[in-house]
Number of protein chains: 2
Amino acid sequence: MAASKDHSTTINEIRDGLMDDWNVLENVFRLLQREDTFCMDPEKWGQQKIVPFLQPDKLKERINLKVRETENPSLAEIEKLCQEVIHYSVKTSHGRFHNQLFGQLDPFGLAGSLITEAMNGSSYTYEVAPVFSLIETELISTVSQLAGYKNGDGIFGPGGSTSNMYGMVLARYKFAPSVKTAGMFGMKPLVLFTSDQSHYSFVKAANWLGLGSDNCVAVKTNERGQMRLDDLEAKIVEAKARGGQPFFVNCTAGTTVLGAFDDINGAADVAERHGLWLHVDACLGGAVLLSHKNRSLLAGLERANSFAWNPHKSLGVPMQCSMFLTREQDRLLERCNSAEAHYLFQQDKFYDVSYDTGNKSVQCGRKIDAFKFWLMLKARGYGKYGHLIDHAIDMSRLLEDKVRQRSDRFRLVLQRHEYSNVCFWYIPKAMRVSKKEETPEWWERLYTVAPKIKEQMIYSGSLMVGYSPLKSQNFGNFFRMVLTCFPVLKSEELDFILDEIERLGEKIVI
Amino acid sequence: MAASKDHSTTINEIRDGLMDDWNVLENVFRLLQREDTFCMDPEKWGQQKIVPFLQPDKLKERINLKVRETENPSLAEIEKLCQEVIHYSVKTSHGRFHNQLFGQLDPFGLAGSLITEAMNGSSYTYEVAPVFSLIETELISTVSQLAGYKNGDGIFGPGGSTSNMYGMVLARYKFAPSVKTAGMFGMKPLVLFTSDQSHYSFVKAANWLGLGSDNCVAVKTNERGQMRLDDLEAKIVEAKARGGQPFFVNCTAGTTVLGAFDDINGAADVAERHGLWLHVDACLGGAVLLSHKNRSLLAGLERANSFAWNPHKSLGVPMQCSMFLTREQDRLLERCNSAEAHYLFQQDKFYDVSYDTGNKSVQCGRKIDAFKFWLMLKARGYGKYGHLIDHAIDMSRLLEDKVRQRSDRFRLVLQRHEYSNVCFWYIPKAMRVSKKEETPEWWERLYTVAPKIKEQMIYSGSLMVGYSPLKSQNFGNFFRMVLTCFPVLKSEELDFILDEIERLGEKIVI
């Protein structure tokens, strides 16, 4: 009986405390409004650390991570815990965070996020998500039109890797519908083609989808990072000769490192010649759909059977926001992915069930990812994002110029990048030599510079820029600076970035 | 030049307006604090509609969904738009929303969500997500221990369908590591087994993973909805005789419709006998890990090679929060899913890269789903959630009693459900007959009742309870009431639910 009494007391206490518990939201919202949470005021970037970095062991000492059976903190203690978590986290909306393919948040996107979280809906039926379903449909239709698809279909998913998988699964279904029921056993190997600079999600997907990474053929790239069409054609012919069945070609529109755009029209010619599905991984570069000036980077997109785009990268939409689009008709997406789960997607409803999206998706419950993006577009119109991505690209070209102006200290990986990525090496004072002294050993040593400066960046908290090697070109580590719609940078900020790398570069031991 | 001037003007305007744009958050937060957004005050449920339902065409007229190139609304207009979206959306945190396997939000979970959205991190490296990476590791370790795994491993993903796929992919990798590179071509069919009442995600996964739905064998269930072990054994033997290679058995802990728990120990015996991987889909029922009273529903879980759990269902964690856990050692999860993308997961970093989670995941960018759950556990201790799920189960048993007390008007599908689902038919006045008059035609007619009452529910906005058929038992539509940790219901509320179904039931024409 004692246990039972404890139980009812606990339940009553929780129930009676619930209305008060909601006050936690006010406290947390105040934390979010503090300047040092977002660090979005350019005036203050110089004084605010992007992250007060601690090594894992130290951080574990600083924040009490342990989860226990019994806890009874006050609201003030919970607020303090939240404050610590925020304090030691990376401020990705700090204007000097350029470490990933995403940057600062658009406030309208975050406003949309807050609503989505609070409404806690799920995108499978119109019944549970009436407004959000219509919004998803509207965005799929708008983006389809921008892509040049007449009656495009599509779905939002948790990220670019999944959106690319949607393309592969749909292509496979069209190529061999029997895979859906019988599987791939006994088939000649299905082979896909994507460049050696494309995203690793195709290799991961080849594993998951049962194709095997050996059947994900890496096509060579040219010196600008674009897929070589001659090699694509050659690899397709080779694969057939080996007894494989080519079914899928991926073009990348905005590679991860160089931001290179493959020639979609050229790849479409090859794909058509061999009867293959053409997919475009525009997860990064899809933003130029909204631009007049740079839209031509995606020339030929309307010929692709499908593409993926992550508005959560360049555009400042909060994570996660990824779209898969296809120009295929006759409900191909739904026929491919439906499991006839009539116990969930009842057909005897009192509304038009064609608004239920569950049968198109590989997920069941699905987070509402469309609304925050829609709210941004309603708040600014998509034209402004076109201008913002144009500006990011302009600033990248300007950064290249600035790098060139410091040619004794910096070296560009490409003289002209296509998108808003700018890749370069920094040459510390002690390594500045004449051109002929740049031996292979010198280069090997140069490749160790970026990681060491990165360590300095993190500890100083003043700037975060990523670095990367590029195996396909035999390049070791260099910096990859990525500009995004937000922050809306000025020319002076680009000087700061180079100055800061120089400043930190003199602190390292090489 | 004109275009260029327009462009700079636009960019300057956006940049200069950005600090003001952040004010949208204050407006939106005020909207979220309005009582009619969440409807969490039990005193007011009677006066608040869960949704003011409109058919799609009408809703499209009410909200201006169109996205255009040029927009210039005031903050007040944006706020009004948000208000409309909220107004016409389903209030899933209304205490009378029982339509899905999730219910009202826990305020601490929502507080965590707001922070996650604002910090806009991504879970791939410690570098970008120092605190959030440690929190994910901590939760994986805690839940592993609760499951009886010694050194469990795991990962958060976008939902239960993906978490179940992780189990299938990992099982396949252990069974035949060569699939990762060579694919499944030329192999004898790989076969998996799951009950005919299990979630449809296994069928969808069989399609995606290239196994084919024919190789996802449906095992018969007993009258309580549990997988029949004799049929499991027989189906495994049959599959082998047909030339297939069994590799994976799924047990469900909390089926979607009846909330049935399969006998994990019994299935483990069968799986061990045949050398098969045992996975447990505990997406729904995993909540009893936190309970003393009901933990035994998961007896044998420690023998499973892996399991999936969605804290976003019963527990009140905001969508999305799903965990995949495995007891396999030697970095099996990482070896299975890594793509050696050293250009993103550099090994020459200045911290212990074992904290980077990217190689375990099939995703690249990955939303921070662990923090909100962790904050809940820090705020209440996991023991309180154990009490809350016990209470939800107690209330479900009480609801069964109440249904039995109205046996002339209601009929239980099961006399005793195992979890917090309660399934029942309502018999409208015009259909009340003696037992012997309950002909097959009478039953067919009864199956049309739930959808019609559901329509009334939605239009009245007073209550939302789902309905479902159960093909494996040849049952037509019945109501499926699901209780969750929140709202913390009282007995009177259960009376309301039955009263309201009766009230609405008299409005329908059958």
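This is a predicted model: local features need pLDDT of at least 70, side-chain atom pairs count only at pLDDT 80 or more; totals for chains, interfaces and linings use all residues.
Residues are numbered from 1 along each chain as its sequence is written, chains are lettered from A and ligands numbered from 1 in the order in which they are written, and side-chain values use heavy atoms, with hydrogens and water left out.

The overall dimensions of chain A were computed next. The C-alpha trace of chain A spans about 85 × 60 × 45 Å along its principal axes. The radius of gyration of chain A is 25 Å, which agrees with the value near 24 Å that a compact globule of 510 residues would have; this radius is taken over C-alpha atoms, and the globule rule is 2.2 Å times the number of residues to the power 0.38. Of the 510 residues of chain A, 69% count as buried. Here, buried means under 20% relative accessible area, exposed means over 50%, and partly exposed lies in between (1.4 Å probe, protein chains only). The accessible surface of chain A comes to about 16800 Å², and carbon and sulfur atoms contribute 50% of this area; accessible areas come from the Shrake-Rupley method with a 1.4 Å probe, and for residues only the protein chains shown count as cover.

Chain A contains 18 helices and twelve strands. Helices (H or I, at least four residues) and strands (E, at least two) are DSSP runs, numbered from the N terminus. Helix α10 of chain A, residues 201–208, is mostly covered, with seven of its eight residues buried. Among these buried residues are A:Phe202, A:Lys204 and A:Trp208. Just after α10(A), A:Gly210 adopts a positive phi of about 85 degrees. In chain B, helix α11 (residues 229–241) includes B:Lys235. B:Lys235 counts as buried because its relative accessibility is 16%. Apart from neighbours within four places in sequence, B:Lys235 is in contact with B:Phe193, B:Val217, B:Ala218, B:Val219 and B:Lys220.

Sheets were then examined in both chains. Two strands pair if DSSP finds at least two bridges between them. In chain A, five strands form an open sheet with mixed pairing, in the order β1-β11-β12-β10-β9. Its edge strands, β1 (97–98) and β9 (410–412) of chain A, each pair on one side only. Strand β11 (residues 464–470) of chain A is joined by four bridges to strand β12 (residues 475–482) of chain A, and the two run antiparallel. In this arrangement, A:Ser468 stands opposite A:Phe478 in β12(A).

Chain B likewise has an open sheet of five strands with mixed pairing, in the order β1-β11-β12-β10-β9. The edge strands of this sheet are β1 (97–98) and β9 (410–412) of chain B, each pairing on one side only. Strand β12 (residues 475–482) of chain B is mostly covered, with seven of its eight residues buried. Strand β11 (residues 464–470) of chain B pairs with β12(B) in the antiparallel sense over four bridges, and B:Ser468 has B:Phe478 as its bridge partner in β12(B). These two strands, β11(B) and β12(B), form a hairpin with four residues between them, and B:Asn474 in the turn has a positive phi of about 60 degrees. Strand β10 (residues 421–426) of chain B also runs antiparallel to β12(B), to which four bridges join it. Within this pairing, B:Val422 is partnered by B:Met481 and B:Asn421 by B:Val482.

Aromatic contacts complete the description. A pair of aromatic rings is described by the distance of the centres and the angle of the planes. Rings of Phe, Tyr and Trp (its six-membered ring) pair if their centres lie within 6.5 Å; planes under 30 degrees apart count as stacked, over 60 as edge-to-face and the rest as tilted. A search of the whole structure finds 58 aromatic pairs over all chains. One of these, formed by A:Phe350 and A:Tyr351, is edge-to-face, at 5.6 Å centre to centre and 90 degrees between the planes; both A:Phe350 and A:Tyr351 are buried. One aromatic cluster is formed by A:Phe53, A:Tyr459, B:Tyr126, B:Phe350, B:Tyr351 and B:Tyr355.

Notes: Contact means heavy atoms within 4.5 Å.
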